[in-house]
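Me: Could you help me see where the words used for this protein come from? I would like to go step by step.

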Amino acid sequence: MSSVPRLVIAAPSSGSGKTTVATGLMAAFAARGLAVSPHKVGPDYIDPGYHALATGRVGRNLDAYLCGPELVAPLFLHGARGCDLAVVEGVMGLYDGAAGEGELASTAHVAKLLRAPVVLVVDASSQSRSVAALVHGFASWDPEVRVGGVILNKVGSDRHEELLREALDSAGVPVLGVLRRVPQVDTPSRHLGLVPVAERRSDATDAVAAMAAQVERGCDLEALRRLARSAGDLSCAPWEPPVTTTDKREVVAVAGGPAFTFSYAEHTELLTAAGADVVTFDPLRDEQLPEDTAGLVIGGGFPEMYAGELSANEPLRKAVAELALAGAPVAAECAGLLYLCRELDGQPMCGVLDATARMTERLTLGYRDAVAVGDSVLAVAGTRMRGHEFHRTVVEPGVGEAPAWGVRAPVRRVEGFVQRGVHASYLHTHWASEPGVARRFVERCRTS
């Protein structure tokens with residue numbers, strides 16, 4: 001049994017301020033000397049970067065769609081091991097889940113799986129007494145979801161606060177914080193959300209400090225900590241990556257730096273447990289792959305923002321192409337797919353794939369059910385995985401002679417590329433759901 005104190009920070013809808021509150025709480029508790037475990041509901045890669053900055057620990061995702069409900073609590077306990085407190089930032093509105101799947105992957109679903117109390121962040125800027133009806137509705141909608149308190153955001157004045165508190169007295173949900181209407185903390189956004197920490201570390205540090213100060217001023221941290229201690233026990237064991245014993249460890253190079261910031265922490269842990277020495281490199285700066293590279297993983301990010309600089313690093317582009325041509329395992333997701341193309345927005349890339357990529361105005365977003373069409377360095381034919389797409393680019397053609405995945409929704413189609421040791425696709429997957437992926441990849445590094 002495990003009872004790590006924990007809170008889920010949710011909201012009635014996106015834009016209510018839950019990222020500010022969650023990140024601010026993480027930083028404020030950490031400043032008090034607590035070991036705080038940061039988590040994010042859903043597939044988002046960017047918020048966990050701010051969470052890591054706030055806590056000094058790796059930000060981790062809890063996604064009941066990508067990993068399955070049965071892995072949510074074990075993955076949580078894996079990340080929260082040894083911590084005094086965990087803060088889980090929700091996604092969208094409290095009850096918003098995977099489209100057409102009911103509560104699956106919603107913040108409410110994850111809160112129930114974690115037996116954790118929910119703190120509802122409400123944008124009160126345009127209401128007074130109506131806030132009680134709103135909070136009552138969210139607190140009573142699902143009896144299995146325990147809304148343990150409210151944090152009122154964007155409150156205009158002392159009188160406004162008084163009206164809100166009077167109204168909420170009748171709702172039976174305590175007010176645990178009031179944040180005044182102030183200029184927005186400097187967290188700039190662009191076409192896929194917040195700008196990642198890796199691209200603005202100094203400014204991001206200042207932004208997190210501002211969030212912490214705002215939360216410290218306006219929230220009852222001791223009451224929030226008492227609420228966190230009321231979380232129910234979890235009867236499962238922490239997730240552990242399966243370990244492969246080997247005499248020789250293979251070097252797996254993982255792309256990082258400002259252009260490639262999207263990665264789940266468990267991927268590195270799985271590769272390491274499977275027998276790899278994981279070495280991070282920056283395609284913007286490093287002109288060669290790490291010494292003795294036997295395999296290459298290029299995850300998601302924003303190569304479209306750095307196309308000129310990536311293109312200018314011709315020595316590395318050639319090194320990547322030569323590694324792929326030699327048949328070494330290469331796993332590329334979304335941004336990695338673009339980097340392997342002949343060109344991106346007219347700028348030469350690695351040329352591993354006979355395809356071009358370009359930015360578009362259209363957002364492609366959503367969960368996907370996928371099946372491996374054929375054998376690859378990641379999976380055998382027929383392997384089923386769930387993934388997520390999130391991009392404003394298009395690759396032409398979008399599928400090679402040997403596709404990577406068959407995708408069921410929103411329409412049946414095949415996508416991606418499998419050639420030699422390359423597996424490249426738009427689909428982001430979470431390897432903890434299928435640990436054999438990392439093991440197979442490292443085995444191919446050993447034998448290719």
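Me: Which residues lie nearest the centre of the second largest pocket?

Reply: Good place to begin! This is a predicted model, where local features need pLDDT of at least 70, side-chain atom pairs count only at pLDDT 80 or more, and totals for chains, interfaces and linings use all residues. Residues are numbered from 1 along each chain as its sequence is written, and side-chain values use heavy atoms, with hydrogens and water left out. Phe260, Thr261, Phe262, Ser263 and Tyr264 lie nearest the centre, among 43 lining residues.

Me: What makes a residue part of the lining of a pocket?

Reply: A lining residue has an atom within 4 Å of a point of the pocket, which is an open set on a 1 Å grid over the protein atoms alone, with protein on both sides within 12 Å along at least five of seven lines. Helix H9 (265-273) is one of the contributors, and H9 gives the most, with five residues. Helices here are DSSP runs of H or I with at least four residues, and strands are runs of E with at least two.

Me: Why do E3 and E7 count as edge strands of the sheet?

Reply: The open sheet runs E3-E2-E4-E1-E5-E6-E7, with parallel pairing. E3 and E7 each have a single partner strand, so one side of each lacks a neighbour in the sheet. Neighbouring strands of this sheet are turned by 25 degrees against each other on average, direction ignored.

Me: How do you know that E5 and E6 pair?

Reply: Pairing needs at least two bridges found by DSSP. E5 and E6 share six bridges in the parallel sense, so they meet the definition of a pair. Valine 121 has isoleucine 151 in E6 as its bridge partner.

Notes. On a 1 Å grid over the protein atoms alone, a cavity is a set of points where a 1.4 Å probe fits but cannot get out, and a pocket is an open set with protein on both sides within 12 Å along at least five of seven lines; lining residues have an atom within 4 Å of a point. Axes are lines fitted to C-alpha atoms, for helices over the stretch in contact, and angles run from 0 to 180 degrees between N-to-C directions.
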